[in-house]
Amino acid sequence: MSKWQELESKYFMHTVSRVPVTLVKGEGARVWDDNGREYLDFVAGWAVNSLGHCHPVVAEALAEQAHTLIQVSNQFYTIPQLRLAEILVQHSCLDKVFISNSGAEANEGAVKLARRYGKHHRHGAYEVISANGSFHGRTLSMVAASGQAKHQEAYLPLPAGFINVEYNNIEAIKAATTDKTCAVILEPLQGEGGVNMPDDNYLKMVREWCSQQGILLILDEIQTGIGRLGTLFGYELYGVEPDVMTLAKGLGSGVPIGAIMVKDSANVFAPGEHGSTFGGNPLVCAAAYATLKYIIENKVADNARKIGQYFAGRLEELKDKYTFVTDVRGCGLLLAIEFDREIAADVLGACLENGLLVNRLKPSALRFMPPLIIGRDEVDEAINILDRVLAAI
Ligand SMILES: *Cc1c(COP(=O)(O)O)cnc(C)c1O
């Protein structure tokens, strides 16, 4: 055990099974550990570091803002927050923005907003329908919204008003809709739950149903948004527009930030009904604005689409070569491979030995979510390592 691992086991709550590496530095798609070992990073802070580590545009925006103004009360106007709101609205189908500190917190706010909407427009409706296998965060309400029993059991009873139904089944949503329903919340493509793709037209049918019933469609784009799927927002791929969208991971290049975005028709919060001390402070908003501006101006989402297609093709080659690789799925630079046996932890360990960081999605699957700025060389390097590792399995 290293000194840092000892400190962790002595002082830190054991809420995560860590990979036995202490990372001290990052640049582009690479990180280094405390022994100076270099790794190619296909986890990217959990689909967060879209521009890679410590991108100069972000580091400079942060440094400049840190020397200018870090935090004031949200009672005052601050410029980075308004610049960020403007660029988000100008490049999406939504009209208004609220900034939070994390993804779960953005979803909490979205559900509060949906309940407020239910009070105003649906005689006090408060129930939110979500999908099995979804992941919406770790707060108690979001544990209730996330349709995964393994995350729920320890915390019963959960807050009321959440109904989990089968994913990719429009009839299940229809059957669960009552006069108490105020919203449906879905990820365009389920990330943590397994990189599960929506069936053709599923999201369109959900959109139609929500419009017909007068209930809100909330899309949780915390993982899929900001270029990850090869479009700036995931909804663009599926030809639907949400009433409410939440963002977080890729939004700020690693500063803690989330966002709720709404159409004007769903903009129901009045002053005093929602808020945050840190949410949208100048420091995080400067980083997010610099990130978004760079992504838009440099067509980074296009790169994610093209490199994602190339990467998926190369993973397909591995699937053809190794019979125990049974599936390659995903979109843009959110990809997964499935094995016919529970070897993900072993493969992850061997990748680590060979200088590649990947994510264990399930005992039998790995997920790849590299920075969106990677090139073919880096994909080839990762594929070569995977090929070597799988050959030795
Ligand atoms: C990561 C994630 C969340 C939770 O975000 P936190 O910032 O960890 O609270 C919510 N929804 C989705 C789809 C996510 O991927």
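This is a predicted model: local features need pLDDT of at least 70, side-chain atom pairs count only at pLDDT 80 or more; totals for chains, interfaces and linings use all residues.
Residues are numbered from 1 along each chain as its sequence is written, and side-chain values use heavy atoms, with hydrogens and water left out.

So, salt bridges. By that I mean a side-chain nitrogen of Lys or Arg within 4 Å of a carboxyl oxygen of Asp or Glu, and the structure holds 18 of them. Take Arg-329 and Glu-338: their side chains pair up at 2.9 Å, N to O, and both residues are buried. That pair belongs to a network, with shared partners joining Asp-327, Arg-329, Glu-338 and Lys-362.

Next, helix H12. Helices here are DSSP runs of H or I with at least four residues, strands are E runs of at least two, and both are numbered from the N terminus. Asp-302 bridges to Arg-305, with the closest N and O atoms 3.5 Å apart. The two sit three residues apart in H12 (residues 300-321), so about one helical turn separates them. Asp-302 is partly exposed at 25%, and Arg-305 is partly exposed too, at 34%. Lys-321 makes a salt bridge with Asp-387 at 3.0 Å, N to O. Because Lys-321 lies in H12 and Asp-387 in H14 (residues 376-392), this pair ties together parts 66 residues apart in sequence.

Now the ligand. How many residues surround the ligand? There are 13, counting any residue with a heavy atom within 4 Å, and the closest are Gly-103, Ala-104, Asp-220, Gln-223 and Lys-249. Polar side-chain atoms come in at 2.7 Å from a ligand nitrogen for Asp-220 and 2.8 Å from a ligand oxygen for Gln-223. For Lys-249, a side-chain N or O atom is 2.6 Å from a ligand oxygen. Taken alone the ligand exposes 380 Å², and the protein buries 82% of that; those areas are Shrake-Rupley values with a 1.4 Å probe, and for residues only the protein chains shown count as cover.

Last stop, His-136. This residue is in the loop between strand E5 (127-131) and helix H6 (140-145), and it is buried, at 2% relative accessibility. Beyond its neighbours within four places in sequence, the contacts of His-136 (heavy atoms within 4.5 Å) include Ala-104 and Asp-220.

How values were computed: Buried means under 20% relative accessible area, exposed over 50%, partly exposed in between (1.4 Å probe, protein chains only). A polar contact is a pair of N or O atoms within 3.5 Å; within protein, one must be able to donate a hydrogen and the other to accept it, and residues adjacent in sequence count only if both atoms are side-chain atoms.
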